[in-house]
Amino acid sequence: MKSNVKAKDKHRFSQVSNRIVIRFFVSCLVWAAAVIGGFLLGWFVCSRIRWDHHSIIFLMLNFVREYSSVIIVMLIFGGMLVFAAISIKRTLRYLDNMVEAAKSLSHPSEEPIELPEALSGIEFELNLAREQALRNIDTANDAVRRKNELIMFLAHDLKTPLASVIGYLNLLRDEAEISEELREKYLSISLNKAERLEELINEFFEIARFNLSTVTLEYSKINLTRLLEQLTYEFKPMLKEKDLGCELTAAADIMLRCDADKIGRVFDNLLRNAVIYSFEGSQIKITAEVRGENAFINFVNSGNTIPKEKLDRIFEQFYRLDEARGTSGGTGLGLAIAKQIIELHGGQISAKSEREKIEFEVVLPIS
């Protein structure tokens, strides 16, 4: 795609340069024809007139006739220099226009870029770039806004479990005569609040890791089937909480060359999302198969249909399906990081949702 755009841009630039060159040569030919034609016409007219051989005009015309070839060459050459200067000036003016237009792309405005008619093709391409730059700025600003809101919400929500932990620990310390049942209750609540506190802190670290580090891959050969089996086993307690079933259908011993930790993180995130957004008592289906040179892994769960406008943004940074506070949707980084990891492996990840079914498909090269 990029090579096609570059080829198109080069073609547009060559059209402009060809037009200037053709105009220069045509102007030179017309000028040369005009000079030669003028001399022939002048000779024809002058030859029909009876001249006084001692007059100044006759002597001048005679001089011109004797050195006509030299004068014609000089006039033609002089004209070519003038036309060359005009062409260079026009080219430089076009170049100045394009430089100014290119500078405006660093701080694009809503006003369209305008160039001379000869540069209409380049004007079109620059306006496309301007519109894309504006979209990128809007996307970046939106991501920063969502991140800042998320950090603000997390910072506020950190206070609640922390205050509860401190409160119940103070009760345990101050109450000398406390029953074992009440002690167990306070400890259980403190533990739950501490675990929630840990989740919130981990979300802060997730944001920091995404912003301050780049993902690098350490390849090894893994058994994809065993990885998925282990994953479903580890999620049994979480599945049990929502009365969910998890069915894995995979070919035996699918071997995959990848970064095992990073790919494990992707599948962990996809299964976690499936659990969070599944209807209680429903079934999650995971399938894995090899087709050609690629492995296809699908995660399908039953849940509320995701609207298309949300589905189109689901892999954006800090975008959450449910942006209300206090939900368990996380930071909105999981799928963005998953997409980055999959693409670094040379694969693809996509999502679709219809009729209360949500499906994520991961395509990875097996070697």
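User: In what order do the five strands of the open sheet stand?

Analyst: This is a predicted model, in which local features need pLDDT of at least 70, side-chain atom pairs count only at pLDDT 80 or more, and totals for chains, interfaces and linings use all residues. Residues are numbered from 1 along each chain as its sequence is written, and side-chain values use heavy atoms, with hydrogens and water left out. Strands (E, at least two residues) and helices (H or I, at least four) are DSSP runs numbered from the N terminus, and two strands pair if DSSP finds at least two bridges between them. The pairing is mixed, and the order is β2-β4-β5-β7-β6.

User: Which are the edge strands?

Analyst: An edge strand here pairs on one side only. That applies to β2 (245–250) and β6 (348–354).

User: How many bridges join β6 to β7?

Analyst: β6 and β7 (residues 357–365) run antiparallel. Within this pair, S353 stands opposite I358 of β7. The number of bridges is seven.

User: Why are α6 and α8 called oblique to each other?

Analyst: Axes are lines fitted to C-alpha atoms, for helices over the stretch in contact, and angles run from 0 to 180 degrees between N-to-C directions. Angles under 35 degrees count as roughly parallel, over 145 as roughly antiparallel, 65 to 115 as roughly perpendicular and the rest as oblique. The axes of α6 and α8 (residues 260–276) come within 11 Å and cross at roughly 45°. The two helices are therefore oblique.

User: Which residues of α8 does α6 meet?

Analyst: Contact means heavy atoms within 4.5 Å. From α6, the residues are L224, L227, L228, L231 and T232. Their partners in α8 are I263, G264, F267, D268 and L271.
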